[in-house]
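Student: I have a structure open and would like to learn how to read it. Please take me through some of its features one by one.
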Amino acid sequence: MGITVCSPEEALDMFEEGRIPASEVFRVLGDRELRGTTQPRVQAPVQPPDPLGELDSMIGLGQVKDLVRELRAFVEIQRRRLRAGLAAEPIVLHMIFRGNPGTGKTTVARILGRVFREMGVLEKGHLVEVERADLVGEYIGHTAQKTRDQVKRALGGILFIDEAYSLARGGEKDFGKEAIDTLVKAMEDHKENLVLILAGYPDEMDRFLWTNPGLRSRFPLHLDFRDYSLAELLDIGRMMFAARQYRLTPDAEEALEECLRRSIAVETIPANARLVRNIVEKAIRKQALRLVARRELERDDLVTITAREIREAAGD
Amino acid sequence: MKDCVIIGKPNVGKTLFLVNFAEYVGAAVLQFERSPSGSLYESTYSFERARAGLVGPNPHTTTAVAPALLRIRVGKGVREFHMTDTAGICEGIHGDPVVRSGMADSLRRLRGCDIVLHMVDASKATSPGAVEAVGDVDIRIAAFSASRAAYAILANKMDLPGADAGLLFIRRLFPRESVIPTSALSGRGFREVRAFIVKHLR
Ligand SMILES: Nc1nc2c(ncn2[C@@H]2O[C@H](COP(=O)(O)OP(=O)(O)OP(=O)(O)O)[C@@H](O)[C@H]2O)c(=O)[nH]1
Ligand SMILES: [Mg+2]
């Protein structure tokens, strides 16, 4: 985080430009004006990009965005209540993420970590992403140790367990159960400084929680990550091209829409952001192939993606 | 001329309060120093038109500072002052530059004013996720204003369900400030606000 020297007028300008929130302006105003106007300039930290802004810039995810905002307000108010000597609801932030692959679960988890750190709920807010193999060992006692190690890495942040139901797959004798028990204990021991997120396919998550009622009650927050709609996938594609400084011709836009529509229809291929990214990256390589043989290249040629490249990219 | 600024989160009822309060103190029309809509030719509103055109159900209806000229009769004399409507201040960083510029101007106005009416929505004070919910911005406004101007909190929308609990919460959160329960809609609290302003206009 950088530090800049900042006067009240500059703070107000920065606020106007969308670089700092109002609370930061007040901090500068307060510091300066309480000490009298003869004081030299005071220091105001420049905030890293607002994690909520980053969340907002993600396409779709309406319900997720609402819940994150709600959560933030809830935590904030509970803390204010505590400070005001009022009874506060316990803040339990363990979550279930239900959604198909490529629907933004990991990205949202990472942003949440930063939001929680900013709010002071988590000390570090980092994300430790694990799956069954990281938690389950090969002999008795091994599993508990491996799981505890991962918990330790995640302390102060978020432990994100992908395809969590795979822990329950082997039945009673499986070491997966030992992992679950160890996790439950860790949740108790590190209540103040660890958030657990269990993620996976919707149906399998439901079954998993249904058969583990003890777990269910410990995860009060459920977020559903819908599959992207055709329009959202198209937006994602446009954004990805734009971010890489490429532009689609109108024909290419149509071709992209057509390809995505077809993928959605074929249910065996998950139509998600990853699919779009594959098309985008392949199309960029195809364009390079088309251009490399040419002598003269205008700036326009370099940035333009045509329908042909989109079709080739989606074809292989 | 003394300046009384109404400030607070978006959608808490600042504009409706200004319009109805102006009517309550006996103004014939609402007369703005500059047009609140930004155009140059329209600075006078009938109360009907002000309620229809300047008040809205969504946050960020007001996007510019709008000082209205008010006169209050005190004994035999008349006191003139500005009562200034402002753009609601939201938490975090707003994406719309027009809204941000209105908010920045509002904070600039707050710095120089004499009386601060800090409005909060009692009916949504503790609603998680609501833009109106009492939050960090409110705490900063209170901390900033209380020491440098005449300062009162108006706990508004007292006519709505849940507002009593909200008022209690607000009183506990700001134990040292004067909190006046109001309803911009019904006129509750207008007498107290009038008295508060008159006291600080001397
Ligand atoms: N029931 C009730 N509704 C109110 C009251 N005050 C305002 N409202 C309603 O709340 C909404 C917002 O009112 P505004 O006066 O536009 O709020 P504002 O604070 O000026 O909002 P911004 O300009 O967006 O910051 C409108 O739908 C009003 O009719 C009140 O005391 N009671
Ligand atoms: Mg308004």
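Tutor: Start with one residue. B:Thr15 is buried, at a relative accessible area of 9%. Keep in mind that this is a predicted model.

Student: Which atoms of the protein are donors to the magnesium ion (ligand 2)?

Tutor: To read a metal site, list the donor atoms and then find where their residues sit. Here the protein donors are OG1 of B:Thr15 and OG1 of B:Thr62, lying 2.0 Å from the magnesium ion. B:Thr15 belongs to helix H1 of chain B, and B:Thr62 to the loop between helix H2 (47-54) and strand E4 (66-74) of chain B, so the pair ties together parts that are 47 residues apart in sequence. B:Thr62 is buried as well, with a relative accessible area of 15%.

Student: What is the pattern of helices and strands along chain B?

Tutor: Chain B holds six helices and eight strands. Along the sequence they follow the pattern β-α-β-β-α-β-β-α-β-α-β-α-β-α. Chain B has 202 residues, of which 54% count as buried. Take the contacts in chain B between residues at least 6 apart in sequence: 71% of these join residues at least 24 apart.

Student: Which residue caps the N-terminal end of H3(B)?

Tutor: That is B:Asp96, with a side-chain oxygen 2.8 Å from the backbone nitrogen of B:Val98.

Student: Is B:Ile197 buried or exposed?

Tutor: B:Ile197 is buried, with a relative accessible area of 0%. This residue has its place in helix H6 (residues 190-201) of chain B. For a buried residue, look next at what surrounds the side chain. Leaving out residues up to four places away in sequence, B:Ile197 touches B:Cys4, B:Phe21, B:Ile72, B:Phe81, B:Met83, B:Ile115 and B:Leu117.

Student: Now a strand. Why is strand E6 of chain A described as largely enclosed?

Tutor: E6 spans residues 195-200 of chain A, and six of the six residues are buried, so the strand is largely enclosed by the rest of the structure. The general idea concerns the two faces. In a regular strand the side chains alternate between the two faces of the sheet. In E6(A), A:Val195, A:Ile197 and A:Ala199 point one way, while A:Leu196, A:Leu198 and A:Gly200 point the other way, and all are buried.

Student: Which strands pair with E6(A)?

Tutor: Strand E3 (residues 95-99) of chain A pairs with E6(A) in the parallel sense over four bridges. In that pairing A:Phe97 stands opposite A:Ala199. Strand E5 (residues 158-162) of chain A also runs parallel to E6(A), joined by five bridges. There A:Ile158 stands opposite A:Val195.

Student: How many salt bridges are there over all chains?

Tutor: The count comes to 34. For each one, ask which parts of the chain it joins and how exposed its partners are. A:Glu118 and A:Arg72 meet through their side chains at 3.6 Å, N to O. A:Glu118 lies in helix H5 (residues 105-119) of chain A and A:Arg72 in helix H4 (residues 62-83) of chain A, so the pair ties together parts that are 46 residues apart in sequence. A:Glu118 counts as partly exposed, at 40% relative accessibility.

Student: Where in chain A are A:Asp224 and A:Arg98?

Tutor: Their side chains meet in a salt bridge of 2.2 Å, N to O. A:Asp224 is in strand E7 (residues 221-225) of chain A and A:Arg98 in strand E3 of chain A, so placed 126 residues apart that the pair links distant parts of the chain. A:Asp224 is partly exposed at 32%, whereas A:Arg98 counts as buried at 16% relative accessibility.

Technical notes: Residues are numbered from 1 along each chain as its sequence is written. Chains are lettered from A and ligands numbered from 1 in the order in which they are written. This is a predicted model: local features need pLDDT of at least 70, side-chain atom pairs count only at pLDDT 80 or more; totals for chains, interfaces and linings use all residues. Side-chain values use heavy atoms; hydrogens and water are left out. Buried means under 20% relative accessible area, exposed over 50%, partly exposed in between (1.4 Å probe, protein chains only). Helices (H or I, at least four residues) and strands (E, at least two) are DSSP runs, numbered from the N terminus. Two strands pair if DSSP finds at least two bridges between them. Contact means heavy atoms within 4.5 Å. A polar contact is a pair of N or O atoms within 3.5 Å; within protein, one must be able to donate a hydrogen and the other to accept it, and residues adjacent in sequence count only if both atoms are side-chain atoms. A salt bridge is a side-chain nitrogen of Lys or Arg within 4 Å of a carboxyl oxygen of Asp or Glu. Donors are N, O and S atoms within 2.8 Å of the metal (3.2 Å for Na, K and Ca); water is not among the atoms, so sites may look incomplete.
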